[in-house]
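Please open the structure in your viewer and keep the selection tool at hand.

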Amino acid sequence: MDSAAAAARVDGRTAHLHRKVPVFVALSDIRFAKGRFALMGAVVTLITMLVVFLYGLTGGLAAAASSTVAGLPADRIVFGAPAGAAATVSFGNSVVSAGQQAAFAAAPGVGAAHPLGVSLTRLTASDAAVSVSVLGSPAALLPPLRQGAAPADGQVAVGADTAAEYHLAVGGQVRVGPSTLTVSGVTEQRSYSHAPTVWTTLATWEQLSGQSRPTVLALTGSPSGGAALDAAQGTTTVALADALAGINGFSAEQGSLQLIQGFLFAVSALVVGAFFTVWTVQRRPDIAVLKAVGASSGYLVRDALAQAAAVLLGGALLGGAAGGTGGLLAASAVPFDVGPATVAVPVAAMVLLGLAGAALAVRRITSVDPLAALGASR
Amino acid sequence: MTTTAQTTTRTGLALRGVTLTYPDGESRLTALDDVTLEVAPGEFTAVAGPSGSGKSSLLAVAATLQRPDRGQVLIDGLDAGALGDRERTALRRERLGIVFQQSNLLASLTAVEQLLVLESVRGGRPSAARSRAEELLASVGLDGAKQRRRPHQLSGGERQRVNIARALFGRPSVLLVDEPTSALDHERGAQIVGLLAEITRSHGTATVMVTHDRDLLGRVDRVLEMHDGRLA
């Protein structure tokens with residue numbers, strides 16, 4: 001028989017047999033070594049739970065710091081600067097003039113250029129006081145109203161949670177900074193720099209904040225020749241999402257939390273990789289035997305990855321469920337963002353990164369020599 | 001499943017002019033020196049010799065686990081030397097059965113699962129092969145509850161019987177047996193060799209058994225002596 005043709009027949013006959021994911025040895029090992037795999041699964045569960053907590057907390061803190069800006073019905077934000085200073089992306093430093101507003105409003109591509117005043121002050125209602133962010137803006141920038149109407153001069157619209165907590169009702173009086181204002185409406189809750197937001201007109205905002213000019217411009221559309229316009233006007237224009245970096249402490253806060261998440265993911269991948277490295281080393285004699293009796297490296301690698309996937313999925317789903325439940329319970333006390341993504345994203349990331357770690361570990365399978373199965377000692 | 005192993009004429013094992021050397025310092029040590037051996041289907045051949053004579057190397061080469069420096073290894077007429085690694089793996093899966101010196105069973109699997117894992121390796125459904133695996137184990141003297149025991153719950157002789165049944169599961173043309181009695185007492189060793197002789201007849205395998213125990217060679221068809229890598 002021609003050897004090459006025979007070889008092709010041998011290989012061709014069996015090639016299709018190894019495309020599916022084998023789980024026979026994988027599941028048997030898990031059943032046999034319950035303690036070891038339960039320990040590994042528990043580690044994955046705990047790390048996933050921690051990551052879900054952090055992920056929800058990061059989202060909650062982000063919303064508390066930025067939901068007012070992120071929710072603006074605008075495409076771009078224009079930052080200015082006091083005379084003599086360069087404009088940077090900072091709500092704390094920015095101030096824009098009427099001339100700049102007119103220039104942007106007239107620029108091609110811009111639908112509207114709304115002036116927006118941003119400041120922090122104190123709201124006093126009944127016998128309680130709370131720090132609030134006050135935004136002076138035209139009605140077009142308000143969040144959706146749940147009750148009442150957009151504020152006129154001398155009036156204020158408050159968020160729903162703020163209204164409920166401080167017993168504020170449409171038509172009632174509330175003291176905002178040095179001014180007593182009438183509550184004109186209740187909006188969806190927003191907050192800026194961790195302070196709940198109340199909304200008023202630009203004129204009233206100037207009065208109670210002591211500012212004579214708005215903080216930024218909120219643009220709909222995008223000015224053509226934006227860079228030249230910025231250069232001419234001494235402004236810096238950024239997309240709405242990028243404007244969040246202009247909130248004091250926002251980037252540092254989010255960066256810190258995301259760094260911790262990253263470390264946790266890295267630790268998870270390393271722990272899973274280390275476990276499967278040790279496990280693969282312990283299994284070398286079994287792997288050699290399986291190779292000697294005809295198991296391909298691909299079969300064994302897929303089997304080992306299926307084993308890792310089973311452990312990771314079990315652990316991560318359990319951790320996701322525990323973390324999500326804990327987050328729901330904690331949401332009333334801490335800014336925890338509750339939603340499907342809060343659980344799904346960390347669980348998916350844990351599984352994928354864990355599999356990456358396991359893949360690096362089980363690649364050792366390919367180097368196991370089946371000849372070792374014929375060794376005199378095991 | 002129809003396989004080439006079943007559809008191709010079973011011609012057994014042939015080694016022709018096989019030489020195998022290992023690095024040994026600055027020189028090379030000759031483990032197999034121009035070895036030629038033919039074993040027909042249904043023939044039980046023993047290769048005896050002292051430690052270091054090359055018996056294990058002969059088995060490693062015949063099992064396609066090691067490539068010789070020179071010569072041909074033919075399994076049912078297929079030249080293993082012409083095959084790549086994947087093809088040789090497939091060849092072992094389809095045509096070779098190996099009975100290891102130590103039973104080399106997987107600790108996590110029961111006796112019957114030691115056989116079923118091969119069905120998984122071959123791409124089949126292990127559950128579909130359960131009855132055949134149970135019959136095969138029963139045919140080597142392991143039945144009932146023992147089939148559901150893990151290796152540490154079996155005696156040395158029982159583990160070796162599982163080892164033999166596993167080697168037979170793929171309906172091999174060639175059965176290679178490495179010192180099967182080294183961990184057994186004389187009585188159990190004799191039983192195992194007797195079982196291998198029966199299997200060789202009933203399954204029509206070309207069986208090669210390497211051993212250093214000359215007391216157990218009464219049931220084999222042919223005994224070859226190996227000294228310093230040469231067969232006599």
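**Before starting**

This is a predicted model, in which local features need pLDDT of at least 70 and side-chain atom pairs count only at pLDDT 80 or more, while totals for chains, interfaces and linings use all residues. Residues are numbered from 1 along each chain as its sequence is written, chains are lettered from A and ligands numbered from 1 in the order in which they are written, and side-chain values use heavy atoms, with hydrogens and water left out.

**Stop 1: helix α12 of chain A**

Select residues 340–362 of chain A, which form helix α12. Helices (H or I, at least four residues) and strands (E, at least two) are DSSP runs, numbered from the N terminus. The expected span of a helix is 1.5 Å times one less than its number of residues. The 23 residues of α12(A) should therefore span 33 Å, and the end C-alpha atoms are 32 Å apart, which agrees.

Which residues of α12(A) are buried? They are A:Thr342, A:Pro346, A:Val347, A:Met350, A:Val351, A:Gly354, A:Gly357, A:Ala358, A:Ala361 and A:Val362. Here, buried means under 20% relative accessible area, exposed over 50%, and partly exposed in between (1.4 Å probe, protein chains only). The cover over these buried residues includes α3, α9 (250–282) and α11 (297–330) of chain A.

Now select A:Met350, which is placed in helix α12 of chain A. A:Met350 has a relative accessible area of 0% and is therefore buried. Contact means heavy atoms within 4.5 Å. Not counting residues up to four places away in sequence, A:Met350 touches A:Val44, A:Ile47, A:Thr48, A:Phe265, A:Ser268, A:Leu312 and A:Ala316. A:Ser268 is 82 residues from A:Met350 along the chain, yet their C-alpha atoms are separated by 7.1 Å.

**Stop 2: a pocket and a loop in chain A**

Select A:Gly60, A:Ala64, A:Val334, A:Pro335 and A:Phe336, which lie nearest the centre of the second largest pocket among its 13 lining residues. On a 1 Å grid over the protein atoms alone, a cavity is a set of points where a 1.4 Å probe fits but cannot get out, and a pocket is an open set with protein on both sides within 12 Å along at least five of seven lines; lining residues have an atom within 4 Å of a point. About 320 Å³ of space lies in this pocket. Grid points are joined across faces, edges and corners, and a volume is the space filled by probe spheres set on the points. Helix α3 (residues 34–70) of chain A gives the largest share of the lining, four residues.

Although A:His194 is not a glycine, it has a positive phi of about 65 degrees. With 40% relative accessibility, A:His194 counts as partly exposed.

**Stop 3: the cavity**

How many cavities of 30 Å³ or more does the structure hold? It holds one. The largest cavity has a volume of about 140 Å³. Select A:Val293, B:Arg93, B:Leu96, B:Leu118 and B:Arg166, the closest to its centre of the 16 residues that line it. The largest share of this lining, four residues, comes from α3(B).

**Stop 4: B:Gln114**

Select B:Gln114 in helix α4 (residues 111–121) of chain B. B:Gln114 has a relative accessible area of 1% and is therefore buried. Among the residues that B:Gln114 touches are B:Leu109, B:Pro151, B:Val162 and B:Arg166.

**Stop 5: helix α7 of chain B**

Begin at B:Glu179, in the loop between β7 and α7 of chain B. Phi of B:Glu179 is near 40 degrees, a positive value in a residue other than glycine. Is B:Glu179 buried or exposed? At 8% relative accessibility, B:Glu179 counts as buried.

Continue to residues 186–203 of chain B, helix α7, whose 18 residues should span 26 Å; the end C-alpha atoms are 25 Å apart, which agrees. The buried residues of α7(B) include B:Gly189, B:Ile192, B:Leu195 and B:Ile199. Packed against the buried residues of α7(B) are β3 (44–48), α5 (130–139), α6 (156–168), β7 (174–178) and β8 (206–211) of chain B. Finish at B:Gly204, which follows α7(B) and has a positive phi, near 65 degrees.
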